Amino acid sequence: MLILCRQDITESQRWAVLDVAARAGFIAQVVGPRVIALFGDGDTRELSLLPCVAKIVDHEGELLFASRNGFRGTREVPAGPVTIGRGFTIIAGPCAVESREAILAAARTAKAAGVDLLRGGAYKPRTSPYSFQGLGRAGLGYLREAREETGLPVVTEVLDTDDIAAVAECADLLQVGTRNMANYALLKRVARAGRPVLLKRGMAATIAELLAAAEYLLVGGCPGVVLCERGIRTFSDETRFTLDLAAVPALRAATPWPVVVDPSHGTGIGAYVPALARAAAAAGAHGVMFEIHDHPEHALSDGQQAIAPEALPALVRDLRQIAGIARAAEGEKE
Ligand code: PEP
Ligand code: MN
């Protein structure tokens, strides 16, 4: 069972709830600012009379915050001046922040092409310990400069609980990557950073597992999540991962939070990225995120899946057009 407390619950009231719960025969655990979980066979009568308790629910595995629960539209997620979930959001930038000059150039290119958010990792989760791990704090500083110059909000990955405050200070949207989707200790801490989160689907995670990870963020106090399909592991080795575009309508049916697609990591092949970005827009995604690089052959990470900046303006134009058609088609069905 879950106790859903009132929005304005105080710390001392929370202690009182825990005390009453223990005396009523429950093991009680604080799950988030407003939610306390109850385990065991206690009596809820006294608890339900507490003024700070809004309701006690038998949740039976239901998600309180990540599921639709009857909510019809899309929950909008503000990322700086951009609102994800309203219109179609295009996120582009290099895999990693490689230098001040490179990220500033990428930001200018992205801005000129009509991209909405700049991406770029300062902390990189690499398969090999000998691969480029990102510029860390220096990279965050360059991202901040890029945002100041272009006005583009920034999404960048947080890998480690130790770096959450520094990354949150720089990022308008915090990214939790595929390898950390189920790092629940990280999710609990990221939830309290006061920033919305772009949560990437674990490469072997089901939709239900992705939504449960989003629930960790939302119940923990995160102001909003954007769910990202970025390819899953299958038997097919034609592409780096298998981009699961069915995840788009599946997620949209299950959750009100915006859904974006990353065809760069989803395929690992730059030449396939425009086609799958267009397919994502047609499938009803609220946005896409892809990697760009001036000189893919010299990139310090993921060069093979980057698209050339020259391809951006036409792709941005096509994506907006296709997203418009998809939205109109959905409207017609309703
Ligand atoms: C990335 O977007 O930089 C990244 C590392 O993606 P993923 O976590 O999907 O591999
Ligand atoms: Mn990458």
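**Entry 1: a starting pair**

I began in strand 14, where E291 is the bridge partner of G93. Strands here are DSSP runs of E with at least two residues, and helices are runs of H or I with at least four, numbered from the N terminus. I noted that this is a predicted model, in which local features need pLDDT of at least 70, side-chain atom pairs count only at pLDDT 80 or more, and totals for chains, interfaces and linings use all residues. Residues are numbered from 1 along each chain as its sequence is written, and side-chain values use heavy atoms, with hydrogens and water left out.

**Entry 2: the barrel**

Next I looked at what surrounds that pair. Two strands count as paired if DSSP finds at least two bridges between them. Strands of a sheet pair through backbone hydrogen bonds, either parallel or antiparallel.

In what order do the strands close into a barrel? I read the order as 7-8-9-10-11-12-13-14, with 8 strands and parallel pairing. On average, neighbouring strands of this sheet are turned by 25° against each other, direction ignored. For such angles, axes are lines fitted to C-alpha atoms, for helices over the stretch in contact, and angles run from 0 to 180 degrees between N-to-C directions.

**Entry 3: E291 again**

I went back to E291 for its side chain. E291 forms a salt bridge with R119, and the closest N and O atoms are 3.4 Å apart. A salt bridge means a side-chain nitrogen of Lys or Arg within 4 Å of a carboxyl oxygen of Asp or Glu. R119 sits in strand 8 (residues 117-119) and E291 in strand 14 (residues 287-291), so the pair ties together parts 172 residues apart in sequence.

Are these two residues buried or exposed? R119 is buried, at 2% relative accessibility. E291 is buried too, at 1%. The cut-offs are under 20% relative accessible area for buried, over 50% for exposed, and partly exposed in between (1.4 Å probe, protein chains only).

**Entry 4: helix 3 and helix 4**

I then checked the other salt bridges. The count comes to 17. One of them joins E145 and R100, at 2.7 Å from N to O. This pair links helix 4 (residues 137-150), which holds E145, to helix 3 (residues 100-113), which holds R100; the two residues are 45 apart. E145 is partly exposed at 28% relative accessibility, and R100 is partly exposed at 33%.

R108 and E149 also meet in a salt bridge, at 2.7 Å from N to O. R108 is in helix 3 and E149 in helix 4, 41 residues apart. Both ends are partly exposed: R108 at 42%, E149 at 45%.

Which residues share partners in one network? I found R100, E101 and E145 joined by their salt bridges.

**Entry 5: K200**

I moved on to strand 11 (residues 197-200), where K200 is found. K200 counts as buried, at 3% relative accessibility. I listed its contacts, leaving aside neighbours within four places in sequence; among them are Q175, M181, C228, D262, H265 and M289. Contact means heavy atoms within 4.5 Å.

**Entry 6: helix 8**

Which residues of helix 8 (residues 247-254) are buried? They are A247, V248 and L251. Seen down the axis of helix 8, the buried residues fall within an arc of 100°, so they line one face of the helix. The arc is that of the directions from the helix axis to the C-beta atoms. An α-helix has 3.6 residues a turn, so residues three or four places apart point the same way.

What do these buried residues pack against? I noted helix 7 (207-219), strand 12 (225-229) and strand 13 (259-261). Helix 8 lies across strand 12 and strand 13, and runs at about 165° to strand 13.

**Entry 7: a loop residue**

I looked up A311 in the loop between strand 14 and helix 11 (312-333). A311 is partly exposed, with a relative accessible area of 35%. A311 and P274 are 8.8 Å apart in space, C-alpha to C-alpha, and 37 residues apart in sequence.

**Entry 8: the whole chain**

Last, I took the overall figures. The chain has 11 helices and 14 strands. Its radius of gyration is 21 Å, close to the 20 Å that the globule rule gives for 334 residues, so the chain is as compact as a globular protein of that length. The radius is taken over C-alpha atoms, and the rule is 2.2 Å times the number of residues to the power 0.38. Of the 334 residues, 52% count as buried.

Terms used: Chains lettered and ligands numbered in written order.
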